[in-house]
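This briefing covers the surroundings of a ligand and a set of salt bridges. Please read it alongside the structure below.

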Amino acid sequence: MKRIVILTGAGISKESGLDTFRDADGIWSKVRLEDVATPEGFAANPKLVHDFYNARRRQLQDPAILPNPAHEALARLERHDGFRVLTVTQNIDDLHERAGSRNLIHMHGEMLKARCDMCGSVLGWTDDIEPFTPCPACAREGGLRPHVVWFGEMPLEMERIYAELAACDLFISIGTSGNVYPAAGFVAEVRRFGQAHTVELNLEPSESASRFAECIHGPASQVVPDYVNQLLTKQK
Ligand code: BJW
């Protein structure tokens with residue numbers, strides 16, 4: 001059975017209505033990443049960071065925000081018997097799950113979860129968080145934070161991800177600019193470990209484009225379903 005690892009980034013959710021980070025109109029054009037996506041920023045101004053994630057959490061739950069044909073195509077690929085597919089997403093939205101992907105790692109965490117720094121509980125979370133919202137598990141105030149990975153923090157499930165990268169036959173990177181490590185280094189890891197084919201599907205050449213054996217550029221809602229259809233046709 002062909003083993004496929006798929007890495008996704010903010011570009012796959014752009015056509016669902018969620019902003020990317022580094023495009024001209026992206027999130028980092030509106031807020032400083034040092035203020036909202038570092039442990040130091042959170043310690044300096046927890047209210048600012050909670051407000052930033054509260055707004056994004058509310059937006060994600062807007063009924064207009066839905067998976068697009070790219071998310072749906074990846075779920076279709078995962079359901080096919082001829083492939084063993086792992087999707088590793090840098091995104092904290094839940095659009096892959098909503099499209100039907102099940103073998104999924106959120107390496108940068110999840111917007112619809114909160115974590116208590118005091119008792120370590122990870123909880124499903126759909127409401128706003130304020131600096132003194134008590135933790136439902138330990139009842140203490142001041143410890144709740146978004147369950148996301150900020151700069152300087154260790155991404156989640158790295159051991160499992162590296163094992164899958166070493167064993168895969170095909171690595172597909174979708175909608176990521178290749179600026180943020182360790183995800184930006186996955187293509188090099190794949191090439192170092194084995195014989196896997198490597199493909200970039202992105203709106204434009206990413207920072208890592210030269211490291212891929214094949215690059216297809218265009219909007220995810222078009223290039224991803226086309227590429228998945230090609231794989232499914234070859235498998236017949
Ligand atoms: C479309 C499209 C359409 C648009 N269709 N495509 C120096 C060298 C190397 C590393 C470091 C260094 N100094 C510091 C580091 C480490 C640091 C890092 O990488 N910094 C860089 C800035 C240099 N990394 C870390 O700190 C990480 N932790 C770490 O390294 O731990 C140690 C470790 C060691 C060894 C092994 C393992 C670990 C943690 C990084 C945490 C990143 N967190 C964020 C916020 C998460 C929560 C939130 O969402 O708020 O994650 S930052 C932000 O960037 C978010 C994203 O997941 C991440 C990646 O962004 P992404 O997805 O690539 O988005 P964009 O906007 O950059 O790109 C979108 C792309 O889509 C573009 O190319 C568009 O063209 C394209 N696109 N429309 C298809 N319709």
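Which side chain has an N or O atom 2.8 Å from an oxygen atom of the ligand? That side chain belongs to H108. The model is a predicted one.

**Ligand contacts**
- The backbone of F21 places an N or O atom 2.7 Å from an oxygen atom of the ligand.
- At V149, a backbone N or O atom is 2.9 Å from a nitrogen atom of the ligand.
- The protein buries 77% of the 1500 Å² that the ligand exposes when taken alone.

**Shell around the ligand**
- There are 36 residues around the ligand, and Y53, R56, T176, S177 and Y181 come nearest.
- The shell comprises 17 nonpolar, twelve polar and seven charged residues.
- Helices α1 (11–14) and α4 (46–60) each contribute at least two residues to the shell.

**Salt bridges**
- The structure contains 13 salt bridges.
- Within helix α4, D51 and K47 are four residues apart, about one turn of the helix, and their side chains form a salt bridge with an N to O distance of 3.2 Å.
- D51 is partly exposed at 34% relative accessibility, and K47 is partly exposed at 40%.
- E157 and R160 pair through their side chains at 3.1 Å, N to O; E157 is partly exposed at 41% and R160 is partly exposed at 33%.
- In helix α8 (residues 186–193), R192 and E189 sit three residues apart, and the closest N and O atoms of their salt bridge are 3.2 Å apart.
- R192 is exposed, with a relative accessible area of 60%, whereas E189 is buried, at 18%.

Terms used. Residues are numbered from 1 along each chain as its sequence is written. This is a predicted model: local features need pLDDT of at least 70, side-chain atom pairs count only at pLDDT 80 or more; totals for chains, interfaces and linings use all residues. Side-chain values use heavy atoms; hydrogens and water are left out. A residue is near a molecule or strand if one of its heavy atoms lies within 4 Å of it. A polar contact is a pair of N or O atoms within 3.5 Å; within protein, one must be able to donate a hydrogen and the other to accept it, and residues adjacent in sequence count only if both atoms are side-chain atoms. Accessible areas come from the Shrake-Rupley method with a 1.4 Å probe; for residues, only the protein chains shown count as cover. Ala, Val, Leu, Ile, Met, Phe, Trp, Tyr, Cys and Pro count as nonpolar, Asp, Glu, Lys and Arg as charged, and the others, Gly among them, as polar. A salt bridge is a side-chain nitrogen of Lys or Arg within 4 Å of a carboxyl oxygen of Asp or Glu. Buried means under 20% relative accessible area, exposed over 50%, partly exposed in between (1.4 Å probe, protein chains only).
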